[in-house]
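The sequence and structure are shown first.

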Amino acid sequence: MPIYEYECRDCRAVSGFLVMKKEDEKKIACLRCGGKKMSKVVSWVTYHRSEADRLGEFDTRKPQGEEFYKDSRNIGLWAKKRAEELGADLGPQFDEIVENARTGKILKKYGL
Ligand SMILES: [Zn+2]
C-alpha cells in the first residue's frame, strides 16, 4: 500500500497517509492541527515496512487493552487488519474514516 508520512510544518506532528495518486497529496491535512503545510518525511519503503510489520504482528482475535488505544496510530489498525484478512479493497474513503476516528470526529458524529 502506498502509505507516506508527512510532517506538519506548523506543529511538527507526523501523520501517515494513503496516497494513491498525486492529487491525493493536496487533500492531506495534519491529523493533529489540521494544517495543510505538509512535507514528506520518511521514504515510503521505510514506512511501508513498519506499517506492514505492525499489521503482521497485530492479531484481531486478541483483545486489546486500554494502553493499545491510547496510541492514536493503533486506531484503525484493527479495521485495516480485518479488511486485509477479508481481502477487502481499502479505498480513500476508508482512510478518511480512520482519520476521523483518530481525530475524534467520528465520536462527535455519533454523539459519543
Ligand atoms: Zn499540525
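## A buried aspartate and its salt bridge

D24 is buried, its relative accessible area being 6%; buried means under 20% relative accessible area, exposed over 50%, and partly exposed in between, with a 1.4 Å probe and protein chains only. The side chain of D24 forms a salt bridge with K27, and the closest N and O atoms are 3.5 Å apart. A salt bridge here is a side-chain nitrogen of Lys or Arg within 4 Å of a carboxyl oxygen of Asp or Glu. Because D24 and K27 are three residues apart in helix α1, about one helical turn separates them.

## Basis of the description

The model is predicted: local features need pLDDT of at least 70 and side-chain atom pairs count only at pLDDT 80 or more, whereas totals for chains, interfaces and linings use all residues. Residues are numbered from 1 along each chain as its sequence is written, and side-chain values use heavy atoms, with hydrogens and water left out.

Helices (H or I, at least four residues) and strands (E, at least two) are DSSP runs, numbered from the N terminus.

## The sheet

Three strands form an open, antiparallel sheet in the order β2-β1-β3. The edge positions belong to β2 (14-18) and β3 (38-40); each has a single partner strand, so one side of each is left without a neighbour in the sheet. From one strand to the next, the twist averages 40 degrees, where axes are lines fitted to C-alpha atoms (for helices over the stretch in contact) and angles run from 0 to 180 degrees between N-to-C directions.

Strands count as paired if DSSP finds at least two bridges between them. Strand β1 (residues 3-8) and β3 are joined in the antiparallel sense by three bridges. Within β3, K40 is the bridge partner of Y6.

## Further salt bridges

The structure holds six salt bridges. One of them joins the side chains of K40 and E25 at 3.8 Å, N to O. This pair links distant parts of the chain, since K40 lies in strand β3 and E25 in helix α1, 15 residues apart. K40 is partly exposed at 43% relative accessibility, and E25 is also partly exposed, at 24%.

Another salt bridge brings together the side chains of K37 and D10, with an N to O distance of 3.3 Å. K37 is in the loop between α1 (24-27) and β3, and D10 is in the loop between β1 and β2, 27 residues apart. Both ends count as partly exposed: K37 at 43% relative accessibility and D10 at 45%.

## The zinc site

The zinc ion has as protein donors C8 (SG), C11 (SG), C30 (SG) and C33 (SG), at 2.2 to 2.3 Å. Donors are N, O and S atoms within 2.8 Å of the metal (3.2 Å for Na, K and Ca); water is not among the atoms, so sites may look incomplete. The four donor atoms subtend angles of 103 to 117 degrees, and the arrangement is therefore tetrahedral, a label that requires all angles of four donors to lie between 85 and 135 degrees.

Along the chain, the donors follow the spacing C-x2-C-x18-C-x2-C. C8 in strand β1 and C30 in the loop between α1 and β3 link distant parts of the chain, 22 residues apart. C8 is buried at 0% relative accessible area, and C30 is buried at 4%.

Definitions and conventions:
Tetrahedral: all angles 85-135°; square planar, octahedral: opposite > 155°, others 65-115°.
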